[in-house]
Amino acid sequence: MTHTPHRLEVINASIGYGDKVVLRDVSFQVPHGARVAVVGPNGAGKSTLFKALVGLLPLKSGRILIHGLELGVHQDCVAYIPQREEVDWKFPVNVSDVVMMGRFGKLGWLRRPSRNDQVVVQSSLKQLGIAELEKKSIGDLSGGQQQRVFLARALSQEPHILLMDEPFTGVDVTTQQATLNLLDALHDQQVTAIISTHDLNLASNRFDFILLLNKRVIAFGAPDEVMRQENLSKAFGNSLLVMENGAMLVDECCPPEEDHAHDHETMEEDQLG
Amino acid sequence: MVNWLLEPLTYGFMQRGLAASVMVGVLCAVMGTYVVLRGMAFLGDAIAHAILPGIAVAYILDGSLLIGALAAAGAVAVGIGFFSRKGNLKEDTAIGILFAAALSLGVALISTMQTFAVDLSHIMFGNVLGVSTNDLWLTAVLGAGILSTVGLLYKQFLVISFDPILAATLRLPAELLRYAMLLLLALNVVVSLQTVGVGLSSAMLVTPAATAYLLTRRLFPMMLVSALIGALSSIVGLYLSYYLNIVSGASIVLTATTFFLFAFLWKRLKG
C-alpha cells in the first residue's frame, strides 16, 4: 500500500472567491477507497472545498493532485452530488435523462448513448431503488427521491472520487439509508467518498477519516483521533456544549441556509474512545 | 377552401415569404427552448436591437442586410460575453449598455437616409414579402448550420443549461459553449430579420418555446413541439396577413401568442 499513490492529495491549498480567502493552507491526503466525513460549523468552508475539488473554484495557491496528477488531468473521475437548492427542478428532464448525463463524460463530445450506457443507467437506478420512477419528471419527485436520482447519476459516472455536500440534511430515512448503503458499496469498489455532514454521530460511526474544518484544517485523521473535545471546541467555538455526563452537543442556532431539522446534533463522549 | 389556401401561393413573393417564415419559425422555436430554459429572453431582445447598426451600414453601402446584421450580431454577442466574463459586470447590465448603445448607433445611421421611415419600419417589423431568392438560400444555409450545431452539441448544451457543476466536473469548456450559444442566438435573430423584423424576433424566440414548455416534459419533445408551433404560427400568420391586410410580422407573432394562450388555459384547466 505504501507505494500506491494517494487517490487525493491536497497540498497547502488556499481557496476563495475574488479577493476573499475562505480556506487557508489546507493539506490532507486521502488513500484509495477511504470514506471521509467533512465536518465543521456553517461557513467553515466545506462547500468551498468541494467547489475547488470539482474544479469550479481555482486555487489561490497550493495544489490538488488526483492519482498524483494535477486536478483536471483526469477527466470525469470526480462525481459530485449537488445540494438540492443548486438544481433547477423545473427543467424539462426525466429521471433517466438525468442519470444518463452521468455517462456523458465517457461518451466524449459527439457519441450518442449506446446500449451499454442504457444498461449502466438501468442498473444505477435499480441500485438506488428508483427504477420504477425512470420516466418521471424530476420536478414531480419527493426530496429524497430527487437526491437518489443524483446518487444514481454519480454511480453511472463510475467515478474514482465521489463528493457529496450535506446528503443527510433534510432527507427521509429511506434516502439516508440508501445513501449509506451506496457508501458501503462504493467502499467495496475502492471509490473514495468525501462527504460533508452535520451529523457528528454518523461521521464517527460510518467513516474512515474525519476532516474537521473551520477556515482551515483543525484536524484530520481517524474518527477517534479527531473527535476530541479540544478539536471540536476549536472548530465549533461557543456552539459546542459539553454536558455534565461528558456528552457533547453542537448547537448552531439559526444557520443561514441549512435545514433547521438538523440543527441539533448530539454525540456521546463514550463513543469517541 | 382549397382556393382560399392556394390563391396567395400563385404569387412568387408569397411562396418565398412562406418558405422564409416557416424556416424562421422553426429555427427561432428550436433556439428559443434554450432562451426560455436559460432565461435569456432579454438577451435575445438585446441582440435583435443591437444588430441595427450593422443593417444600417449594409443599407447605406447597398450590401447584403443579412451579412451586415451578422457582423453586428457577432460583435455584440462577443461584447456581452466579454464584459460579463469573470463577473466584472452582471450579464444583464452588460447587455443593457451594449443594447442601448447599438440601438442608438443604428437609429443615428438610419436617420441619415432619405427613406428613413419606410426603411426603419421594414427593419423593425420585417418585410416578408420582399424576400429574394438569394435571401431564401442564405436563410436555408444559416438555418441548416444552426440546427446541425444544436444537434451536435445537444448533450453539451443540455449539461451547461441544467447543471453547470456537472459541466465543470466533466471539464466541458463552459465559457466557450456559452459563447457558441450566444453566436447561434445572434445568427438566429439575423435570420428572422426578414420575416418578423428586429422588433418582434424575440417574441418568436420566446413564445413558441414557452408554449412547448407548458405542453411537454422533456427537452427534445419540447424542441419538436416548439418547432411545430413556430411553423404553424408562421403559416397561419402569413395567411392572416394576406387576407386581413396587416403587417406579416405582427400577425405571425399574434398567432403564436394565441397558441400560447390556449396552451396556458389548457394547462390551467387540466391541473
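Which residues have the most contacts inside the largest nonpolar core? In this predicted model, they are A:Leu163, B:Ile47, B:Ala50, B:Ile51, B:Ala73, B:Leu185 and B:Val190, within a core of 163 residues. A nonpolar core is here a set of buried Ala, Val, Leu, Ile, Met, Phe, Trp, Tyr and Cys residues joined through C-beta atoms within 7 Å, buried meaning that 20 or more other C-beta atoms lie within 10 Å of a residue's own, with C-beta atoms placed from the backbone. Helix α2 (residues 12–37) of chain B gives the most to this core, 14 residues; helices are DSSP runs of H or I with at least four residues, strands runs of E with at least two, numbered from the N terminus.

B:Leu185 is in contact (C-beta atoms, placed from the backbone, within 7 Å) with B:Met31, B:Val35, B:Met40, B:Leu43, B:Gly44 and B:Ile47, leaving aside neighbours within four places in sequence.

Turning to the interface, 18 residues of chain B are in contact with 23 residues of chain A. On the chain B side, α9 (154–162), α10 (164–169) and α13 (219–244) each supply at least two residues, and the largest share, 4 residues, comes from α10(B).

Confidence is given as pLDDT, the predictor's score for each residue from 0 to 100. Chain A averages 83, and 85% of the residues score at least 70. In chain A, the mean is lowest in strand β13 (residues 264–267), at 41, and highest in helix α2 (residues 95–101), at 95.

Residues are numbered from 1 along each chain as its sequence is written, while chains are lettered from A and ligands numbered from 1 in the order in which they are written. As the model is predicted, local features need pLDDT of at least 70 and side-chain atom pairs count only at pLDDT 80 or more, whereas totals for chains, interfaces and linings use all residues.

Definitions and conventions:
Contact = placed C-beta atoms within 7 Å. Buried ≥ 20, exposed ≤ 12 C-beta atoms within 10 Å, placed from the backbone.
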